Amino acid sequence: RLVGIGGVWVVGNHGAETHEPSGAAHVAPGARAHADAVARARAALEAAVAHVAGAFVEDKRWSLSLHVRQASPDVVPALRAAAAAVAAREGLRLADGKAVLELRPPVAIDKGTA
């Protein structure tokens, strides 16, 4: 839809989602099994960043991204600690990206495995 090329496989959300050329969509079973944990983590992270300028949570349904690019560098360690605590409580994996913290299901899926 975004690039206007038909007849290709599309892999998203770090391998958790795939779309066949036919349009059929699939979610990795391991990701689907953690849907409730991701939803609870979203609520907790949104509460943690509600009053932090420049930080926001992106809900990707099967994973979450806590964007900190526009937040003051002084608050990033506290945000990382909050994200780590939420991830541990919900049984999710915390991954660091470039100015983003990602909470993902603890399953062996990624773009390469997809």
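This is a predicted model: local features need pLDDT of at least 70, side-chain atom pairs count only at pLDDT 80 or more; totals for chains, interfaces and linings use all residues.
**Reading the sheet and the core**

User: How do strands of a sheet hold on to one another, and in which sense do β4 and β5 pair?

Analyst: In general, the strands of a sheet pair through backbone hydrogen bonds, in either a parallel or an antiparallel way. Here, β4 and β5 are paired in the antiparallel sense, over four bridges.

User: What is the order of the strands in the open sheet, and which are the edge strands?

Analyst: The sheet has four strands in the order β4-β5-β7-β6, and their pairing is antiparallel. The edges are β4 (56–59) and β6 (93–97), each of which pairs on one side only, and from one strand to the next the twist averages 20°.

User: Which strands does α3 lie across?

Analyst: Helix α3 lies across β5, β6 and β7, and runs at about 5° to β7.

User: Which residues of the largest nonpolar core touch the most other members?

Analyst: That core has 20 residues, and those touching the most other members are Leu 45, Leu 64, Leu 66, Leu 79, Leu 92 and Leu 103. At least two of the core residues come from each of α2 (35–49), β5 (64–67), α3 (76–90) and β7 (100–104). Another core, of five residues, lies apart from this one, and its members include Ala 16, Val 27, Ala 31 and Trp 62.

User: What is Leu 79 in contact with, leaving aside its neighbours within four places in sequence?

Analyst: With those neighbours left aside, Leu 79 is in contact with Val 49, Val 52, Ala 55, Leu 66, Val 68 and Leu 101.

Key: Residues are numbered from 1 along each chain as its sequence is written. Side-chain values use heavy atoms; hydrogens and water are left out. A nonpolar core is a set of buried Ala, Val, Leu, Ile, Met, Phe, Trp, Tyr and Cys residues joined through side-chain atoms within 4.5 Å. Buried means under 20% relative accessible area, exposed over 50%, partly exposed in between (1.4 Å probe, protein chains only). Contact means heavy atoms within 4.5 Å. Two strands pair if DSSP finds at least two bridges between them. Axes are lines fitted to C-alpha atoms, for helices over the stretch in contact, and angles run from 0 to 180 degrees between N-to-C directions.
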